[in-house]
Structure formats: C-alpha cells, structure tokens
Amino acid sequence: ALRRSWQRLGTVSAADLRVRALTPVGSAALLGLEAHTNADALVRSEGGGAFVPTGLYGTALLALAGGALLVGGPPSSGGVQAVLQRSSDGGSSAVVVSSLAPGVSVVHDLFEVRSGTCLAAANSGAIFRSTDGGSSWNLTQTISGAWHVRRFFRPFSGTVWGGTGYS
C-alpha cells in the first residue's frame, strides 16, 4: 500500500545537503546526507525526534536482521577512498571490514540478495559480494568502461537487476 499522507520529521539545516540514503534501524531512522563538500555524514533520529550526527560517514546504507548495519563509502569527512563498514549497534559505531580498490570513492548501493549474502556497487564499475552478512567482501565483477551500478532491484521474477549510470 502507498502512504497517502506524509509527516515532516525534521529539517536539515544546510542548503547544500541532500538525502542520499535512508534506512530504519530499530526504532530509529538513519540518514546518509551528501554535501557539496563530499562530507557524506550520517545522522540519526530516535523515534521521529531531531536528527543528530553519528560521527560516521558513508554513501550507502543497508540494515540487516539483528540490528546490524552496513555502511559503504568514505569513512571520514572529505575522504577519497571508499571502504565497507559494519555496525552491530545500529550505527552508533562501525568497524572497517574491507578497504576497496584504489580509485573507488563512492559505494552507490548495498543490497541483500538473501540472508547473509550482500552486494555492494561502487563508482569504478566494481561489484563486491559478501556471503557472511558483510563481515568480509570480495570483488565479483567489474562492468566495463565508465559504467557502474547505481541501484540494485529485485522484481517479482527473483532475479537481481542493476540500474546503471555513467561516470
């Protein structure tokens, strides 16, 4: 069912920010905010309250069963090298579980194929795969040229699709 009405939960206080990712984490909502300064800060709202910075940075989020959270992207403000991080406390803290190849600066999407198997799409055209709930990652495929997967989808057929973009 589609939601017919919307309620404003909060306002981001800078004109140069845009929401890049949103995921529920328990009773909270976690937002990935992209700034023109490439800050990609993550903020959190508990039960619809004000958004507060978490101290984490990233460009893609994926909530897993049991409260685990995967975060992809630069691990620091203005970072130029992307990593994959895993949080077991709903985004309050995270540890780097994989440093991605040189030149990978953005993780566009994180996607859970089935319980424990996840995909990460990076700006370099690389697709990384984890079979242990995001604790370790391996490169599985690289799309040729300047193309990269921007979003993964699973239509009713059960096949995973990737929507591409061009760098």
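**Reading a β-sheet and its surroundings**

Tutor: Let's start with a sheet in this predicted model: four strands form an open sheet in the order β9-β10-β11-β12, and their pairing is antiparallel. At the edges sit β9 (107-114) and β12 (138-142), each of which pairs on one side only. Direction ignored, neighbouring strands of this sheet are turned by 25 degrees against each other on average.

Student: How many bridges join β10 to β11?

Tutor: There are 4 bridges between β10 (residues 117-122) and β11 (residues 126-130), and the two strands run antiparallel.

Student: What else is in the protein chain, counting helices and strands?

Tutor: The chain has 14 strands and 0 helices.

Student: Okay, now the inside. Which residues touch the most other members of the largest nonpolar core?

Tutor: The general idea is that nonpolar side chains tend to be buried together in soluble globular proteins. Here, the largest nonpolar core has 17 residues, and Val107, Leu110 and Trp137 touch the most other members. At least two residues each come from β5 (60-63), β9, β10 and β11. The largest share is from β10, with 3 residues.

Student: What does leucine 110 touch, leaving out residues up to four places away in sequence?

Tutor: Its partners include Ala60, Leu61 and Leu62, then Leu70, Val71 and Gly72. Leu84, Leu119, Ala120 and Trp137 are also among them. Across the protein chain, 29% of the contacts with a separation of 6 or more are between residues 24 or more positions apart.

Student: And how do I read valine 160: where is it found?

Tutor: Valine 160 lies in the loop between β13 (147-153) and β14 (161-166). It counts as partly exposed because its relative accessibility is 28%, which falls between the 20% and 50% cut-offs. Its C-alpha atom is 10.0 Å from that of glutamate 112, although the two residues are 48 apart along the chain.

Student: What share of the protein chain counts as buried?

Tutor: That's 40% of the 167 residues. The accessible surface of the chain is about 9200 Å², and carbon and sulfur atoms own 55% of it.

Student: Last one: what is the average pLDDT of the protein chain?

Tutor: Think of pLDDT as the predictor's confidence in each residue. The chain averages 76, with 71% of the residues scoring at least 70. Over residues 34-38, pLDDT stays under 50, and the model has 12 contacts beyond four places in sequence for that stretch.

Terms used. Residues are numbered from 1 along each chain as its sequence is written. This is a predicted model: local features need pLDDT of at least 70, side-chain atom pairs count only at pLDDT 80 or more; totals for chains, interfaces and linings use all residues. Side-chain values use heavy atoms; hydrogens and water are left out. Buried means under 20% relative accessible area, exposed over 50%, partly exposed in between (1.4 Å probe, protein chains only). Contact means heavy atoms within 4.5 Å. Accessible areas come from the Shrake-Rupley method with a 1.4 Å probe; for residues, only the protein chains shown count as cover. pLDDT is the predictor's confidence in each residue, from 0 to 100. Two strands pair if DSSP finds at least two bridges between them. Axes are lines fitted to C-alpha atoms, for helices over the stretch in contact, and angles run from 0 to 180 degrees between N-to-C directions. A nonpolar core is a set of buried Ala, Val, Leu, Ile, Met, Phe, Trp, Tyr and Cys residues joined through side-chain atoms within 4.5 Å.
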